Amino acid sequence: MRLIDRYLAAVAAQLPAAAREDVVAELRDDIMSRIEARQEALGRDLTSDEVESILREVGHPLSVAGRYGAGPQHLIGPELFPWWLFAVKVGLIVLIGIMALSVGVKLTGGQDFGQALGQGIAGLFGNAATLIGMATVAGYIIERQSEKPSFLTDWRVRDLGFFEVARMDAEGFNRALNSGAGAPQSVRAISGQTMSPVARALSAAVATAVLTAWWIGAIRFGGLPMDQWIVEIAGIDYTQALRETVTMIFWPVVIYGLIRMSFDLFRATNARAVRMTALGDIGLSAGRLTIYSWLLLVSPLSRALGVDGPWSVIERVRGVIETGINSGVWSASGVVMMILAFMILEPTFQILASAWRLISGRDRRIEAWEERRA
């Protein structure tokens with residue numbers, strides 16, 4: 001009996017107080033029934049070793065207590081796991097892009113290639129572990145909600161292209177190349193050609209979350225925050241200008257990132273609210289246009305590049321293009337300015353496209369997706 005009491009005490013220690021007495025009583029009855037049945041079969045009392053053998057058959061106290069525990073007995077269940085895996089894969093893709101950017105900036109500052117690459121890879125592993133941990137914590141919380149999120153229950157077959165974005169396998173590339181079919185489906189999915197509206201919105205939300213975490217310093221590569229980068233191009237030191245620019249624009253970018261994540265999550269659950277999402281796209285594009293214009297025309301970085309105004313940008317870009325064509329040599333500062341100038345075009349065209357969706361109430365991407373899946 002001492003063994004049984006010790007066993008039940010170990011089980012009881014793992015149980016919630018409200019259910020402890022009932023569970024222990026039920027277990028005691030089960031154990032005593034097994035012992036009595038064994039004693040009847042043997043025609044004698046059981047030894048301590050035989051009693052312990054029966055207790056092992058019942059199970060380890062931790063496992064037995066787990067059967068009576070409240071809530072799921074896993075961190076992330078099979079229903080949520082594909083979503084968790086997708087978020088991790090998209091986040092890792094973004095992290096690799098940030099690592100490449102970080103390594104490039106360090107190389108412009110004169111750092112040795114091997115050292116820069118080593119720091120980038122080391123940071124990638126650390127940040128990947130952080131990303132996976134954050135995704136796991138989010139999954140743990142979702143699993144324990146009384147009501148599951150709508151994306152787990154309110155889904156449609158036409159939106160299942162969502163899972164194709166994570167299918168980047170060498171076999172798919174080989175099949176496409178050997179068959180002459182062009183880009184494999186996994187690549188077309190990532191480019192957005194076969195992704196569902198829900199997939200595009202959720203992947204954008206994940207990417208924005210990772211980029212925002214990098215911007216605020218939660219994710220680093222080589223232990224060097226962005227405001228401490230050393231940037232020297234063609235013998236000209238842009239470090240101070242870059243640091244001043246980052247300081248001035250820090251909070252606007254954070255606010256934009258949070259709004260963009262919230263909007264993409266809204267879009268994922270309301271993909272067919274065309275006019276509402278078009279209005280949101282106009283606002284977000286206007287925000288990007290404002291940030292890019294400030295970077296090019298007003299920021300400390302633009303002053304370091306020698307920008308005097310809009311006409312100065314046009315003349316400089318034209319000069320860079322003509323010089324590059326004639327000599328085959330591109331000015332590094334001119335290329336930076338040209339990139340910023342062309343970045344302004346993206347939100348401009350996005351505003352025009354979103355205005356058309358707002359007026360017409362139609363989204364050609366959704367229509368094309370539904371036609372392919374019909």
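These legends describe close-up views of a predicted model.

**View 1. Confidence along the chain.** The predicted chain has a mean pLDDT of 76. Of its residues, 74% reach 70 or more. Among the elements, helix α12 (residues 274-297) has the highest mean pLDDT, at 92. Helix α8 (residues 170-179) has the lowest, at 41. Over residues 165-194 the pLDDT is below 50. Beyond near neighbours in sequence, that stretch still has 37 contacts in the model. For residues 325-329, pLDDT also stays under 50. Here the model has three contacts beyond four places in sequence.

View 2. Helix α1 spans residues 2-12. Its buried residues include I4, Y7, L8, V11 and A12. These five lie on the same side of α1, because they cover an arc of only 135° around the axis. An α-helix has 3.6 residues a turn, so residues three or four places apart point the same way. R2 and R6 are on the other side of α1, and both are exposed.

View 3. The structure holds four aromatic pairs. One of them joins F81 and W84. The pair is stacked, at 5.5 Å centre to centre and with 25° between the planes. Both residues belong to helix α5 (residues 81-108). They are three residues apart and therefore separated by about one helical turn. F81 is partly exposed, with a relative accessible area of 39%. W84 is buried, with a relative accessible area of 17%.

**View 4. An aromatic cluster.** Three residues, W215, F250 and W251, form one aromatic cluster. W215 falls within helix α10 (residues 197-215).

**View 5. A charge over a ring.** R364 places its charged end over the ring of W356. The distance from the ring centre is 4.8 Å.

View 6. T208 is found in helix α10, which covers residues 197-215. T208 is buried, because its relative accessible area of 13% is under 20%. Its side chain reaches the backbone oxygen of A204 at 2.8 Å. Leaving aside neighbours within four places in sequence, T208 is in contact with G257, R260, M261 and D264.

Conventions
Residues are numbered from 1 along each chain as its sequence is written. This is a predicted model: local features need pLDDT of at least 70, side-chain atom pairs count only at pLDDT 80 or more; totals for chains, interfaces and linings use all residues. Side-chain values use heavy atoms; hydrogens and water are left out. Rings of Phe, Tyr and Trp (its six-membered ring) pair if their centres lie within 6.5 Å; planes under 30 degrees apart count as stacked, over 60 as edge-to-face and the rest as tilted. Helices (H or I, at least four residues) and strands (E, at least two) are DSSP runs, numbered from the N terminus. Buried means under 20% relative accessible area, exposed over 50%, partly exposed in between (1.4 Å probe, protein chains only). A charge sits over a ring if NZ of Lys or CZ of Arg is within 6 Å of the ring centre and within 35 degrees of the ring normal. pLDDT is the predictor's confidence in each residue, from 0 to 100. Contact means heavy atoms within 4.5 Å. The arc is that of the directions from the helix axis to the C-beta atoms. A polar contact is a pair of N or O atoms within 3.5 Å; within protein, one must be able to donate a hydrogen and the other to accept it, and residues adjacent in sequence count only if both atoms are side-chain atoms.
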